[in-house]
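Welcome! Take a moment to turn the model around before you read on. The notes below walk through its sheet, its helices and its pockets.

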Amino acid sequence: AFFSQLLDKVKARHPNLTSATKVYPQSWFNFPVGRVGFAIASAFGQNNLFRVELYIDTGEKAKNKAASDALYEDREAIEASIGHPVVWQRLDGKQSSRIYCGTEGSIDDDPQHLEELQEWALDLVWAFRKVFRPRVQKLRL
């Protein structure tokens, strides 16, 4: 229900962001960023952490790390545009990489806090799209 409600809110505020109509029973939901292998995700992670992230997984570890490194070179402008602290996870031991903003939250939280998480994510999903979409599309991998 959490991601279904978030999807409805995103579509109401930003109708052209996604054509998705349903969510699946998993701990994340992805929004398109305009290039295969890249997604803006809202995700519940370990240690009571809820994230909005740019998730990078082109299927090739070397390309993922090159993309992460290229975006990291522009981190000051990216972080200033997003307006929240950003965590850069190259994840050297894994195929994927991620860049995210996080806040305390669990799917098991009370309904009021879950609604607050949705509102927090709503603003960040849009900010991530505005900031990362043009950069991701320009990457030479």
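Five strands make an open sheet in the order β1-β2-β3-β5-β4, with antiparallel pairing; two strands pair if DSSP finds at least two bridges between them. Helices (H or I, at least four residues) and strands (E, at least two) are DSSP runs, numbered from the N terminus. At the edges sit β1 and β4 (87-89), each pairing on one side only. From one strand to the next, the twist averages 25 degrees.

This is a predicted model, where local features need pLDDT of at least 70, side-chain atom pairs count only at pLDDT 80 or more, and totals for chains, interfaces and linings use all residues. Residues are numbered from 1 along each chain as its sequence is written, and side-chain values use heavy atoms, with hydrogens and water left out.

- Strand β1 (residues 28-32) runs antiparallel to β2, joined by five bridges, and W28 has A43 in β2 as its bridge partner.
- The hairpin of β1 and β2 has five residues between the strands, and G34 in its turn has a positive phi of about 105 degrees.
- In strand β2 (residues 38-45), seven of the eight residues are buried (under 20% relative accessible area, with exposed over 50% and partly exposed in between, using a 1.4 Å probe and protein chains only).
- Eight bridges link β2 to strand β3 (residues 49-56) in the antiparallel sense, and three residues separate these two strands in their hairpin.
- β3 also runs antiparallel to strand β5 (residues 97-104), with eight bridges; E53 stands opposite Y100 in β5.

**Helices on the sheet**
- Helix α2 (residues 61-72) packs on the sheet and touches β2, β3, β4 and β5, where contact means heavy atoms within 4.5 Å.
- The direction of α2 makes about 105 degrees with that of β3; axes are lines fitted to C-alpha atoms, for helices over the stretch in contact, and angles run from 0 to 180 degrees between N-to-C directions.
- Helix α4 (residues 111-138) lies across β1, β2, β3 and β5, at about 20 degrees to β3.

**Pockets**
- A pocket is an open set of points on a 1 Å grid over the protein atoms alone, where a 1.4 Å probe fits, with protein on both sides within 12 Å along at least five of seven lines; lining residues have an atom within 4 Å of a point.
- Residues lining the largest pocket include G45, N47, R51 and Y100, and β3 supplies the largest share, three residues.
- In the second largest pocket, 14 residues form the lining, and W28, N30, A41, E53 and Y55 are the closest to its centre.
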